[in-house]
Amino acid sequence: MTQAASVDMTRINKFYGPFQALRDVSLHIPPGKVTCLIGPSGSGKSTLLRCINFLERYDAGEIRIDGQLIGYDTPGGRLMSGRRLREMRRDIGMVFQQFNLWPHMTALQNVAEGLERVRGLPRAEAEAQARAALDKVGLGDKTANHPARLSGGQQQRVAIARAIAMQPRVMLFDEPTSALDPELVGEVLAVMKQLAAEGMTMVVVTHEMGFAAHVADRVAFMERGELVAAGTPAEIFANPRDERIRAFLHSYHERNAFEV
Amino acid sequence: MELSVLQQYGPMLLRGFGITVFCWLAGTVLSMALGLMIALAQRYGPRWLNWLLRAYIEVIRGTPFLVQLFVLYYGGPLVGLRLDALPAGLLGLTVYGSPYFAEIFRSGFGAVPHGQIEAARAVGIPEPSIVRRILLPLALVSALPALVNFSIILTKETVILSIITVPELMYQTQRMSTETFRYLEANFVLALFFWGLVETISRLGRRLEARVTRHIERG
């Protein structure tokens, strides 16, 4: 696999008009590790994730992928060129909550598209690599299916294949299992665990506390646009020092507990 | 009704119908192409261009085709634009249809989920490829019924070309009427031809729709 990259975020601020979505967020994402972003909805964790590949423009601060600033030529300077941004995005895979597969293309075409248009591979080579990526997520037999003919879990695995086929150095997951029926969550998490075991740098926004607790190397808790705490799963889940984290986990447990 | 006059005028009416179909086809293709360019320019161009095109759309949509054609054909020579009837008619149809098509494409673009465009950007696909490979195909699928609908409307707008002497079906029908006083028969034939044309287009449109949506909606 290509070298896993680190991500360094320093004092990130982001505004939507007068609303401040991110306040001075600083977070180090170590290479080859899984970092989960958790917190209540509206806390800014998805926004932060989307800033990493500059789908969302941050207004102040710096985000560096292996030391390379993304989005701007210099900190606080002009926007970087589209070409340069695309080059950086090649190294950053992204998986969305709603899968966002292209519905008019087969699973194979969805994965091969980037290999052809971005990496410039000839059709046959792109399709061979796409097939390999689909094999890896366990969908080698579904290459000819259009997204409408795949379950949600299968669609999300195609979306993961689309991202890993580009051989990224960082993978971003934006609530990858939130749109799935409960019984389909497992197959997607299994593929993510496999990726983690291979040493991919992963940043995962998730409500799957089990995944965060068992797979993540680091967990960061956000609330109201602020990073409240970051640490090992044990530090965050077992004995959280901050009252806000305790309240969040408490309501989570209450929602998910049931007795018969 | 006395349909025997058709023996004499039939070939002429048929030629007229041929020209009608040609004008419709060329006018539709050209105005659709221009409409697409307008919609793309509005989406990706600078703000001043968007404003200019918006004005163009409002002016053309706000005036009758008949008036536009008069201005083009009889007013054109005053500014050095001297066109024969047929090219003038095609240019007129193109200008007249383009804003409607532009609006249809704009709503088609709007129907493409933004996430699918973002996914393409996240992969690093260049914007022109995103337009060609993802935005356009998906926009076309959702815009197809409206595109077919407006193409059908355009079939009947071609009759207006008769006032600038394009020898299409309406023109020939009027000639037959004034020469034979068979107004009813002439207009009956006219209606029949148009109905046949529209029915054909509408069937083709439905077939095309079924074809392009076969993978997109769960079958």
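Student: What stands opposite Met9(A) in E4(A)?
Tutor: Met9(A) stands opposite Ile63(A). Strands here are DSSP runs of E with at least two residues, helices are runs of H or I with at least four, and both are numbered from the N terminus.

Student: Before we go on, what are the ground rules?
Tutor: This is a predicted model, where local features need pLDDT of at least 70 and side-chain atom pairs count only at pLDDT 80 or more, while totals for chains, interfaces and linings use all residues. Residues are numbered from 1 along each chain as its sequence is written, chains are lettered from A and ligands numbered from 1 in the order written, and side-chain values use heavy atoms, with hydrogens and water left out.

Student: Back to chain A. In which sense do E1 and E4 pair, and over how many bridges?
Tutor: E1 (residues 7–16) and E4 (residues 60–65) of chain A pair in the antiparallel sense, over five bridges. Two strands count as paired if DSSP finds at least two bridges between them.

Student: What is the order of the open sheet in chain A?
Tutor: Four strands form it, in the order E2-E1-E4-E5, with antiparallel pairing. The edge strands are E2 (19–29) and E5 of chain A, and each pairs on one side only.

Student: How many bridges join E1(A) to E2(A)?
Tutor: Seven, and the two strands run antiparallel. Phe15(A) has Gln20(A) in E2(A) as its bridge partner.

Student: And how many join E4(A) to E5(A)?
Tutor: Two bridges, again with the strands antiparallel. E5 of chain A covers residues 68–69. Arg64(A) stands opposite Leu69(A) there. The E4(A)–E5(A) hairpin has two residues between the strands, and Asp66(A) takes a positive phi near 50°.

Student: What holds paired strands together in general?
Tutor: Strands of a sheet pair through backbone hydrogen bonds, either parallel or antiparallel.

Student: New strand: E9 in chain A. Is it mostly covered or uncovered?
Tutor: Mostly covered. Five of the six residues of E9(A) (residues 218–223) are buried. Buried means under 20% relative accessible area, exposed means over 50%, and partly exposed is in between, using a 1.4 Å probe and protein chains only.

Student: In which sense does E9(A) pair with E3 of chain A?
Tutor: Parallel, over four bridges, with E3(A) spanning residues 34–38. Leu37(A) has Ala220(A) in E9(A) as its bridge partner.

Student: And how do E9(A) and E10(A) run?
Tutor: Antiparallel, with five bridges; E10(A) is residues 226–231. Val219(A) partners Gly231(A) in E10(A). E9(A) and E10(A) form a hairpin with two residues between them, and Arg224(A) in the turn has a positive phi of about 50°.

Student: Switching to chain B. Why is H5(B) called largely enclosed?
Tutor: Eight of its ten residues (114–123) are buried, so H5(B) is largely enclosed by the rest of the structure. Among the buried residues are Gln116(B), Glu118(B) and Val123(B).

Student: What covers them?
Tutor: The cover includes H1 (45–52), H2 (82–90) and E6 (92–95) of chain A, along with H6 (127–157) of chain B. Contact means heavy atoms within 4.5 Å.

Student: What follows H5(B)?
Tutor: Gly124(B), with a positive phi near 100°.

Student: How many salt bridges lie between chain B and chain A?
Tutor: Two. One is Glu118(B) with Arg50(A), at 2.5 Å, N to O. A salt bridge needs a side-chain nitrogen of Lys or Arg within 4 Å of a carboxyl oxygen of Asp or Glu.

Student: Last topic. Where does UniProt place "transmembrane region" in chain B?
Tutor: The unreviewed entry gives several spans, including 12–39 and 134–154. UniProt positions are in the numbering used here, feature names are shortened, and annotations may be inferred rather than shown by experiment. Residues 12–39 of chain B are 100% helix and 0% strand, with end C-alpha atoms 40 Å apart. Residues 134–154 of chain B are also 100% helix and 0% strand, with ends 28 Å apart.
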